[in-house]
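Let's take a walk through this structure together, one part at a time. Have the sequence and the 3D view ready as you read.

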Amino acid sequence: MDFSMCVKNKLLELISDMEENCECFVKNPGKDFSRDRKLTFSKTLFLIISMEAQTLKKELFKLFNFSAGTPSASAFCQQRAKIKLSAFYHLIYSLDNSFHKETYKGHPLVACDGTDISLPMEQGNTVYDCRRRKNQKSYFQMHANAMYDLVNRRYIDIVTEPRKENN
């Protein structure tokens with residue numbers, strides 16, 4: 001099983017565990033998500049996390065396999081409003097701790113590499129303007145330093161800064 005499938009399975013497992021104790025993650029414990037609805041706590045959480053660039057209605061149709069009983073966008077917004085922000089922090093923290101255990105001889109093995117990223121030109125932007133001489137044409141760049149965990153095969157941090165001020 002590849003890494004992305006491991007992450008997806010762990011995420012679904014965490015959401016399932018959270019649904020069993022959803023009172024900790026809702027604004028009105030004992031009331032929110034207490035009735036049987038099509039948009040359960042886990043389906044609402046999963047939809048928020050898995051949304052792509054579609055409209056909300058299309059995302060709902062996709063989640064419910066284009067059935068006639070698909071909940072409305074308004075129903076989703078009402079369910080979404082019941083979930084505390086801390087639920088997402090819990091998911092991120094739990095997922096991060098699940099996959100950041102492997103080390104090399106007890107030490108994290110990471111690599112850091114920097115790269116310049118060209119940006120679209122923007123009038124009046126002096127922060128990312130990399131012109132060296134007055135008569136030279138402007139170009140805009142930022143510098144990114146990314147840290148990669150070699151053992152767990154994932155990026156763990158990135159720092160971006162204007163190109164002319166990079167460390």
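Which residues in H2 meet which residues in H4? From H2 come Thr44, Leu47 and Ile48, and from H4 come Phe76, Gln79 and Arg80; a contact here means heavy atoms within 4.5 Å. Helices are DSSP runs of H or I with at least four residues, strands are runs of E with at least two, and both are numbered from the N terminus.

A quick word on ground rules. This is a predicted model, where local features need pLDDT of at least 70 and side-chain atom pairs count only at pLDDT 80 or more, while totals for chains, interfaces and linings use all residues. Residues are numbered from 1 along each chain as its sequence is written, and side-chain values use heavy atoms, with hydrogens and water left out.

Back to that helix pair. The axes of H2 (residues 41-50) and H4 (residues 73-80) come within 10 Å and cross at roughly 100°. That makes H2 roughly perpendicular to H4, a label for angles of 65 to 115 degrees. The residues of this contact split into three nonpolar, two polar and one charged.

Now for the nonpolar cores. Such a core is a set of buried Ala, Val, Leu, Ile, Met, Phe, Trp, Tyr and Cys residues joined through side-chain atoms within 4.5 Å, and buried means under 20% relative accessible area, with a 1.4 Å probe and protein chains only. The largest core has 14 residues, and Met18, Phe33, Phe41, Leu45, Ile83 and Leu91 touch the most other members. Helix H1 (3-20), H2 and helix H5 (86-99) each give two or more residues to this core, with the largest share, four residues, coming from H1. Take leucine 91: leaving aside neighbours within four places in sequence, leucine 91 is in contact with Leu11, Leu14, Ile15, Met18, Leu45 and Ile49. There is also a second, separate core of five residues, including Leu39, Leu60, Phe64 and Phe76.

What about the cysteines? The count of disulfides, meaning pairs of cysteine sulfur atoms within 2.5 Å, comes to zero. For cysteine 77, the nearest cysteine sulfur belongs to cysteine 22 and is 19 Å away. Cysteine 77 has 30% relative accessibility, so it counts as partly exposed, the class between buried and exposed (over 50%).

Finally, look at cysteine 130, in the loop between strand E1 (110-119) and strand E2 (140-149). Its 7% relative accessibility makes cysteine 130 buried. Beyond its neighbours within four places in sequence, cysteine 130 is in contact with Tyr139, Gln141 and Arg163.

Technical notes: Axes are lines fitted to C-alpha atoms, for helices over the stretch in contact, and angles run from 0 to 180 degrees between N-to-C directions. Angles under 35 degrees count as roughly parallel, over 145 as roughly antiparallel, 65 to 115 as roughly perpendicular and the rest as oblique. Ala, Val, Leu, Ile, Met, Phe, Trp, Tyr, Cys and Pro count as nonpolar, Asp, Glu, Lys and Arg as charged, and the others, Gly among them, as polar.
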